[in-house]
Amino acid sequence: MRLTALGTQSPYSAKGHNCISYLIDDEEGNLIMLDCGSGSHSMLEYPKCLDNLSVIISYLHRDHFNDIYNIQYASFVFKGQDRVKNPVNIYLPKTPLSISEDICNEEAAFAEYHIINENSTLNIGDNVITFCRTDHPGETYAIRIENKGKVIAYTADTSYSAKERIIDFVKDADILISEASLLEEYGFPEISRHLTAKQAAIIAKEANVSKLLLTHFWPEEDLMKYEQEAKKVFINTKALQEGDTF
C-alpha cells in the first residue's frame, strides 16, 4: 500500500494546505480515500482516479467531507462523456441523517452509497477495512486497513476518553495516522473533544505501532510543535504535510 496525505488542517485550511484527507493506493489499482475535506479533491488525477475510487468518510463534519460534492459532480460529468465506467463508491455514517441523505440523494453523481457502522467490514480488492466508534460529538469512526499483513490505521476525530478502545483497534499497525489537534502547552484538560500530540504519541507507543503520522492541525500553529511534543513519548513520529507519501 502507498499512503499519500491530501489534507491535514482543520477547521479551515491555509494557503498550500487542504482540510482532512488521505489516499491509499494498492498494486491492484484500487484507490481508497479516507475523508475528503475542502481542497483535497484537487490532488486527485481525473478522470483516471474515478474508475477505482472508494471514499470513506469517518465523520460528517465539513472539514472531513466537504469535497465529496466535487467528486460526485466530476463522476457525473465524466460518465456523461463516457470517460469512466465504474461508479465511485462512497461509504459514510448514517448520522446526522440530514447530511447523509443530502449526499446520497445527489442527482448529479455517478456513485453508489453504503452506510457504515462499528460492525461493518469492507473488502476492496485485498484490503480488509474495519471500523471502531470513537468518542466525539457525532457518529465518528476510526478506520483500520489491512492488506497482505500490512496495516494502516486512522484514529479520525476522538477524545482521549476512547484511549483503550483505540489502542486495541490500532494494535501493531505499521502506520498510525492520528489526529493531534491540541498542544499540551495550552493547558487543555486531559479529556477534551480532540487529542493532544502527546496523547496521540501515548496511544502509538502503547499500541506498539511502527510509525506515527500526526494530522488535523490548527492552520496558524507551527507544525514542529506537534512533532516535538509527540517525539518526547514516541520518537518515530512525523507531522504530515500535503503530498507526503509513505
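Mentor: One term before we start: a residue is buried if its relative accessible area is under 20%. Also, keep in mind that this is a predicted model.
Trainee: Okay. Which way do the residues of β11 point, and are they buried or exposed?
Mentor: Ile175, Ile177 and Glu179 point one way from β11. Leu176 and Ser178 point the other way. All are buried.
Trainee: What does that say about the strand as a whole?
Mentor: Five of the five residues of β11 are buried, so β11 is largely enclosed by the rest of the structure.
Trainee: What sheet does β11 sit in, and in what order do the strands come?
Mentor: An open sheet of seven strands, in the order β7-β8-β9-β10-β11-β12-β13. The pairing is mixed.
Trainee: Which strands are at the edges?
Mentor: β7 (121-124) and β13 (237-239). Each pairs on one side only. From one strand to the next, the twist averages 20°.
Trainee: What holds paired strands together, in general?
Mentor: Strands of a sheet pair through backbone hydrogen bonds, either parallel or antiparallel.
Trainee: Then take β10. In what sense does β10 pair with β11, parallel or antiparallel?
Mentor: Parallel, over three bridges. Ala153 stands opposite Leu176 in β11.
Trainee: And with β9, parallel or antiparallel?
Mentor: Antiparallel. Strand β9 (residues 141-147) and strand β10 (residues 150-154) share five bridges. There, Ile145 stands opposite Ile152 in β10.
Trainee: Switching to helices. Where does α4 lie?
Mentor: Helix α4 (residues 163-170) lies across β8 (127-133), β9, β10 and β11 (175-179). It runs at about 170° to β8. Helix α5 (residues 197-206) also packs on the sheet, touching β11 and β12 (211-215). The direction of α5 makes about 155° with that of β12.
Trainee: How do α4 and α5 cross?
Mentor: Their axes come within 9 Å and cross at roughly 45°. The two helices are therefore oblique to each other. The crossing is right-handed.
Trainee: Which residues make the contact?
Mentor: From α4, Lys163, Glu164, Ile166, Ile167 and Val170. From α5, Ile202, Ile203 and Glu206. By class, that contact has five nonpolar, no polar and three charged residues.
Trainee: New topic: loops. Where are the cis peptide bonds you mentioned last week?
Mentor: One runs from Tyr46 to Pro47, with omega near -10°. Pro47 is in the loop between β3 (31-34) and β4 (53-56). Another joins Thr95 and Pro96, with omega about -5°. Pro96 sits in the loop between β5 (88-92) and α3.
Trainee: What about phi at Asp35?
Mentor: Positive, about 65°, although Asp35 is not a glycine. Asp35 also lies in the loop between β3 and β4. At 0% relative accessibility, Asp35 counts as buried. Ala156 has a positive phi too, near 55°. Ala156 lies in the loop between β10 and α4, and counts as buried at 1% relative accessibility.
Trainee: Last one. Where is Glu106, and what does Glu106 touch?
Mentor: Glu106 is in the loop between α3 (97-104) and β6 (111-115). Leaving out residues up to four places away in sequence, Glu106 touches Tyr69, Gln72 and Tyr113. Glu106 and Tyr69 are 37 residues apart in sequence and 8.3 Å apart in space, C-alpha to C-alpha. At 29% relative accessibility, Glu106 counts as partly exposed.

Terms used. Residues are numbered from 1 along each chain as its sequence is written. This is a predicted model: local features need pLDDT of at least 70, side-chain atom pairs count only at pLDDT 80 or more; totals for chains, interfaces and linings use all residues. Side-chain values use heavy atoms; hydrogens and water are left out. Two strands pair if DSSP finds at least two bridges between them. Helices (H or I, at least four residues) and strands (E, at least two) are DSSP runs, numbered from the N terminus. Axes are lines fitted to C-alpha atoms, for helices over the stretch in contact, and angles run from 0 to 180 degrees between N-to-C directions. Contact means heavy atoms within 4.5 Å. Angles under 35 degrees count as roughly parallel, over 145 as roughly antiparallel, 65 to 115 as roughly perpendicular and the rest as oblique. A crossing is left-handed if the near helix is turned anticlockwise from the far one by less than a right angle, and right-handed if clockwise. Ala, Val, Leu, Ile, Met, Phe, Trp, Tyr, Cys and Pro count as nonpolar, Asp, Glu, Lys and Arg as charged, and the others, Gly among them, as polar. Buried means under 20% relative accessible area, exposed over 50%, partly exposed in between (1.4 Å probe, protein chains only).
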